[in-house]
Amino acid sequence: MFRSRLLPWDYAVRNLMRRPTRTVLTLGALAVVVLLILVVVGFIRGLESSLAVSGDSHAVLVYSVTAEDNIENSAIAARTPALLTASLPGIQKRYGVSYVSPELYLGTRVKTSETVLSGLGLVRGVTPVAPMVRRGVRLLAGNWPKPGEVIVGRLAVSKLGCESNSLSVGSQIEFENRRWRISGTFAAGGGSFESEIWCQLPDLQQVLKRQDLSLVALILKPGFNPAEVNLFCKQRTDLELQSIAETEYYASLQKHYKPMRLLAWFVVLLVSGAGIFAGLNVMYGAVAGRVRELATLQAIGYRRRAILVSLVQEGMLLSATGALIAAAIAVPAVNGVAVRFTMGAFVLRIDTVALLFGGGIGLLLGILGAIPPAIKVLRGPVAQSLKAI
Amino acid sequence: MHVKFFSLTLLVGSVFATGCTSSSPPVASSVDSSNNPYLVSSEPSGAIPVGTARETVTDKQDVTLIGHIGGSQKPFVDGMAAFTIVDPKVAYCGAAEGCPTPWDYCCEQNEVKQNIATIKVVDSNGTTVAQSAKELLGVKELSLVVVQGNAQRDEAGNLTLLATKVFLKGQAK
């Protein structure tokens, strides 16, 4: 009966308290490893979520066939929205207004009133129909822009790399040799629009001396096949148009960023590997100093398996505490931090998946770090281990 | 001397002839034509190239066209039996040039504008068949097809064919 018993749980806990300096250092190392993993996984989750929520399942984008996959390079005729509205019966309508949003989109240097240097911003010229088509967009403060005014997304600050108060309502910014007053700020449910600056389409066409558009975004009635829009584009070869479902467009961007995501996962793998080796090193040191103690436990009747379980308990206790500390730091300090990238900006997301991943890796560090040194020590003859210094 | 010059001219001529475009003899579609009301096993007669058709064919005229499937990176409409074809006289990039999408005629965009037509495979009610042309007909990009149907013209000069018969004449390598 005695032989099948495990060591008491508090034996593992007390052992950790016996060497407080070593325990605290190990805990710190494990917490740093898990924190790094949380940051990288948060980066991947943030990027994926930003692209995933940017697409509306009923929205279709119509743009130039010569732009290939880059809507930024697209230029289409100004009459395209009217032609689409007249030709496609499946476009959603409300009170006589068609859900068709003509847009002009460009990346340009934007200067805030407080900065000498300008940052690369994304500007979209829109009409009042835009919020009907871009259904995730919500005004957070201020008003819809009048001529000479803009509204800025809540991540535009990160995209431009400027102070947050320089993009507050009432401030002024400058792009395309014209000063613009900020009339409001908006959110887009975490979508890519949040890093953009929106102004009235005629205003932007005027300063750019352009009459064309970059794209037309439209919403289809439920049940209407998006292929009908594509068929219209194929039939009107003179207009040189192509269409793509918005969700499909952002899915293609996900593919575009696949190498970056793979690299990030590789970093997770490297950090985890480094953490496991650090854990192994610490546990080898900890167990090597307890050879006589472990042999004594065997001599009084505890089986090797029970001692191994106790050592794993110690490792897991330490790593779980480290993971909790890392999560406690990451959630308030890292979650929601904006990161700039080519397409705009997104926020790091320490969500349930990231926490589960970080916690899982943390526990794995504890288990994998404890087992090899424990096996090494317990494999030796008890009589010889009792005499160990 | 004249023989040598003639041989050299022949050699250079043959290299130029095969450099840009390569077509192959008729091929069998991967789809069984006996059970397919749209795919025919014998070539409809009197086919005219797309470029000629754009100049001569009028609205609602019955016509047979010949052309390569292409004209853009994605010449097929997903989920519908519709695609664009380009006049065989327009050259696309040869395999040796290493172009990943030769069917978009990227080097001949201006030529394509006047030599492209849209094909919609329609049922007896005149409705476009709701199945991808690739699955329905066993065709793919740069397939050389002969299509028979009724022409639709618009004021911008675009040519659409409501096709009832499709013959797969060949497939470029």
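Mentor: Let's begin with a term: a crossing is left-handed if the near helix is turned anticlockwise from the far one by less than a right angle, and right-handed if clockwise. Keep in mind that this is a predicted model.

Trainee: Which hand does the crossing of α11(A) and α12(A) have?
Mentor: The crossing of α11(A) and α12(A) is right-handed.

Trainee: Why are α11(A) and α12(A) called roughly antiparallel?
Mentor: The axes of helix α11 (residues 304-333) and helix α12 (residues 352-379), both of chain A, cross at roughly 150° and come within 8 Å. Angles over 145 degrees count as roughly antiparallel, so that is the term for α11(A) and α12(A).

Trainee: What classes of residue make up the contact of α11(A) with α12(A)?
Mentor: That contact has 18 nonpolar, eight polar and two charged residues.

Trainee: Now A:E228, please. What makes A:E228 count as buried or exposed?
Mentor: The cut-off for buried is 20 or more other C-beta atoms within 10 Å. A:E228 has 20, so A:E228 is buried.

Trainee: Where is A:E228 found, and which residues does A:E228 contact beyond its neighbours within four places in sequence?
Mentor: A:E228 sits in helix α7 of chain A, and those contacts are A:L88 and A:G90.

Trainee: How many residues does each chain bring to the contact between chain A and chain B?
Mentor: Chain A gives 12 residues and chain B gives 14. On the side of chain A, helix α7 (residues 227-235) supplies the largest share, five residues.

Definitions and conventions: Residues numbered from 1 in each chain as written. Chains lettered and ligands numbered in written order. Predicted model: local features only at pLDDT ≥ 70, side-chain atom pairs only at ≥ 80, totals over all residues. Contact = placed C-beta atoms within 7 Å. Helix = DSSP H or I, 4+ residues; strand = E, 2+ residues; numbered from the N terminus. Buried ≥ 20, exposed ≤ 12 C-beta atoms within 10 Å, placed from the backbone. Axes fitted to C-alpha atoms, helices over the stretch in contact; angles between N-to-C directions. Parallel < 35°, antiparallel > 145°, perpendicular 65-115°, else oblique. Nonpolar A, V, L, I, M, F, W, Y, C, P; charged D, E, K, R; others polar.
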